[in-house]
Amino acid sequence: MQDSSPPRLTILLVSAAALAYEILLMRLFSIVQYHHFAYMIISLALLGYGASGTFLVFFRQRLLQRFPLAIITSIALFGITAVACYLGGQYLLFNPEEILWDQSQWLKLLVLYLLLALSFFFAANCIALTFSQCRQKISEIYAADLIGAGVGSMLIIGLLFLFYPQRILLSLGSMILSICAVAWLELGLQPRWRGALFIGSAALFFLLPAEWTVLAVSPYKGLSQQMRIEGSRIVEEKSSPLALLTLVENKVVPFRYAPGLSLTAEFEPPEQLAIFTDADAMTVITRFPDDISQLAYLDKLTSALPYHLNKTEDILILGAGAGTDILQALYFGVADITAVELNPQVPYFVGNRPKFSGNIFTRSDVHLHIAEARSFVSGSSKKFDLIKLPVLDAFSSSAAGLYALHENYLYTVEALKEYINDLTPGGYLSMSRWVKLPPRDTVKLFATAVKALRELNIPEPENHLVMIRSWQSASLLVKKNPVSPEEIRLIREFCRQRLFDLVYYPAMQEQEANRYNILQQSYLHDAAVSLLDDNSGGFIENYKFNITPSTDDKPYFSNFFKWRTLPEIQQLKGQGGMVLLESGYLILIITLIQAITASLVLILLPIIFRPYAPVEGAAWNRSRIIVYFFAIGLGFLFLEIAFIQKFILYLGHPLYAAAVVLAIFLVFAGLGSQYGQKRRFHVIWPVSMILVLGIVDMFTAFFLFDTINWLPKFIKILIAVLMLGPLAFFMGMPFPLALTRVGSETSGLIPWAWAVNGCASVTAAVLATLLAVHFGFAVVVLTALILYGLAAAVFASGQNYKGDT
């Protein structure tokens, strides 16, 4: 049965389920923890694949003797563990916020990492066993594997539009058990009717008690903290691939959301309802009053400053949320309000309560656009008197460094240049942020604005900037024309009346800073002056935190970590200093260490405990296998993750980018695998095409996206297919071509080659992100291409060893 027809449909369905489960975990962890856990999920998934290869080195022959039973058992265990391991992992009570001071969280992270990898281990067993059973059909099996995974990545997006993630978890477990019935039939097992028993057992997941499937959201997220307050009640929830939105009311302790409200405010906000995005970042629906003057509290925010400097006729709000900034614009009599919001469910919550919200999104003077902010700005030809970016993240999560690995294309140098270009000559760009100490993001935002002005060749950038702060928030204003003396007078008067502190305006004197909300010293003013100095590069280099302006190549605005500051922070342990560490970045480092350790163990175990006698005349030995398959494992994932991250700006959301890019890479790689085996190409040819197309796609992503970012999403996806499809097509060839050679010469090394490739991918998933944070996406792509070149050289040396032409 060694060369019998492989169970292609079974492999396709298993791979589809595995990829769907992987993306579902990304969505679940965005809710219960944070978005940056997505990279940990990719890594742990591939750890299961690496562990499968090592396991089969020791047990391959025994399992191949019972191949049909082994396949069906692996599928069944995949389905059971997919549900059980995630639900069980919630009881570990892992909290990334505590990892800075609670050493037990390190162990919990490791246990969670291994627990969630278990289901992928069983899924990988199905594929690796089939490789060994049908080793002359490796390309066909690999094609079914990749195409199935691509289909699964798109399938899960559709399901996320229809159902809540926890419901999908149970459904996915049931579907995986049902695949056992397909395998039973495809493998020709008798009696055939017994296959239907698996479909019946799949329904058992829906009998689980409801409380078992409740998501265990981190106690540090905003929604968890809010629900501890007496009177808090969840009114409604809406789920989509973009986010889980939760609407909360509290009539006992009413919401009073007004970030940095002046201490001189005489009016409190009207009644409010809160919307939490993925259980954290909060925006509010404010009751629309009968008398607009009841919104006077909005004049007591730092974000109100630009309305006092000139007459605003046209405003663009990037990140409309539930409409607070629209209400502020209406209060100041703005005639034409353009608002952009990414998630259509937020306006749904507002529009579904017209009597409460005043249905502000349907007013004739308000024009709502459901779009990604950068895409909208790229496609807009209109000039605005004011462009506003409100506070968009949660204070507690931001302060804890949990957004350190969050790609944010709203605050890059390229983004600010686009905003400034879309202003009228006297227009302002206004950006508000939380005030945190020691100063980090406000300083970094100022540095980014300075660099954007300089790259636009605007003379004397110091005459185009204004920053003020309250006790909790700060607003930075960038004016297209120089700030006038009359505007400076108005700025000073605005701050004096509201007890706001001046941070910077042209020719400001140091003694004017730090008067009301007094800090130990005037940190922000000193930083602003230094950033405008000719030696600003030295100031950025010597600053305690990373305040280098973020770019579209390195869009990690909230990454402030510097290694040389780590010893100083460690000395403050026990004095509150550990919160200065970027916990998101720290978790990435911990995950990388775990991934490398696990990979080394899985690769070395067969070498130590299962010595292999080389086959005389065989080109493929262990040293050649480890270099070749490790190189293409790293290279494939580096390219995949680099383009996922780059496509976040292009497609507007991390999950859309992951699903679309994964689908393109996997489906086209599967087609390439099938085609390459039929033509029996030498690896040199597909690798040469990978090098050429990789460089072309890299330049396309970096230089063309800005000009086509305004296109409709379906056109963007079509361009993505045309752009990435050919590259992925050739990326599908090196693995099966080499594994087929290994199988024909030394079949006993097939599982180990699978393990090496999987372990390389484990490390690649985390390492690619780390390289992108420090060096940018371009370096990740170029590193991947070098690795493919190394793999081609190894393959060619093997051919020369055998004397092949």
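Tyr 49, Phe 131, Tyr 142, Trp 620, Tyr 628, Phe 629, Phe 735, Trp 754 and Phe 795 form one aromatic cluster. The model is predicted, so local features are reported only at pLDDT of at least 70 and side-chain atom pairs only at pLDDT 80 or more, while totals for chains, interfaces and linings use all residues. Residues are numbered from 1 along each chain as its sequence is written, and side-chain values use heavy atoms, without hydrogens or water.

**Aromatic pairs**

- The structure holds 34 aromatic pairs; rings of Phe, Tyr and Trp (its six-membered ring) pair if their centres lie within 6.5 Å, and their planes count as stacked under 30 degrees apart, edge-to-face over 60 and tilted for the rest.
- One of these pairs joins Tyr 142 and Phe 735, which are tilted at 35 degrees between the planes, with 4.7 Å centre to centre.
- This pair links distant parts of the chain, since Tyr 142 belongs to helix α5 (residues 138–162) and Phe 735 to helix α26 (residues 734–745), 593 residues apart. Helices (H or I, at least four residues) and strands (E, at least two) are DSSP runs, numbered from the N terminus.
- Tyr 142 is buried, with a relative accessible area of 9%, and Phe 735 is buried as well, at 3%. Buried means under 20% relative accessible area, exposed over 50% and partly exposed in between, with a 1.4 Å probe and protein chains only.
- The rings of Phe 494 and Phe 500 also form a tilted pair, because their centres are 5.9 Å apart and their planes stand at 50 degrees. Both Phe 494 and Phe 500 are buried.

**Charges over rings**

- Arg 622 lies over the face of Trp 752, at 5.2 Å from the ring centre. A charge sits over a ring if NZ of Lys or CZ of Arg is within 6 Å of the ring centre and within 35 degrees of the ring normal.
- Lys 716 lies over the face of Tyr 650, at 5.4 Å from the ring centre.

**Nonpolar cores**

- The largest nonpolar core has 175 residues, and those with the most contacts inside it are Tyr 86, Phe 131, Tyr 628, Phe 629, Leu 639, Phe 643 and Phe 647. Such a core is a set of buried Ala, Val, Leu, Ile, Met, Phe, Trp, Tyr and Cys residues joined through side-chain atoms within 4.5 Å.
- Helix α21 gives the most to this core, with 19 residues.
- Apart from this core lies another, of 49 residues, which includes Leu 261, Leu 273, Val 334 and Leu 477.
- Residues up to four places away in sequence aside, Tyr 628 touches Trp 620, Val 683, Pro 734, Phe 735, Ala 738, Ala 791, Val 794 and Phe 795. Contact means heavy atoms within 4.5 Å.

**Helix α21**

- The 30 residues of α21 (residues 622–651) should span 44 Å at 1.5 Å a residue, and the end C-alpha atoms are 42 Å apart, which agrees. The expected span is 1.5 Å times one less than the number of residues.
- A kink of about 25 degrees in α21 is centred on Gln 645; the bend at a residue is the angle between axes fitted to the seven residues ending there and the seven starting there.
- Of the 30 residues of α21, 26 are buried, so the helix is largely enclosed by the rest of the structure.

- Gln 594 is in helix α20 (residues 583–609) and is buried, with a relative accessible area of 12%.
- Neighbours within four places in sequence aside, Gln 594 is in contact with Trp 106, Leu 109, Leu 110 and Tyr 113.
- Arg 353, in the loop between α10 (345–351) and α11 (354–357), counts as buried at 17% relative accessibility.
- Not counting residues up to four places away in sequence, Arg 353 touches Val 235, Glu 236, Leu 247, Leu 273 and Gly 358.

**Backbone features in loops**

- Most residues other than glycine have a negative phi, and most peptide bonds are trans.
- A cis peptide bond, with omega of about -10 degrees, joins Gln 190 and Pro 191; Pro 191 is in the loop between α6 (165–186) and α7 (195–202).
- The peptide bond from Leu 437 to Pro 438 is cis, with omega near -10 degrees, and Pro 438 is found in the loop between β9 (423–434) and α15 (441–455).
- Leu 499, in the loop between α16 (485–498) and β12 (501–504), has a positive phi near 60 degrees and counts as partly exposed at 32% relative accessibility.
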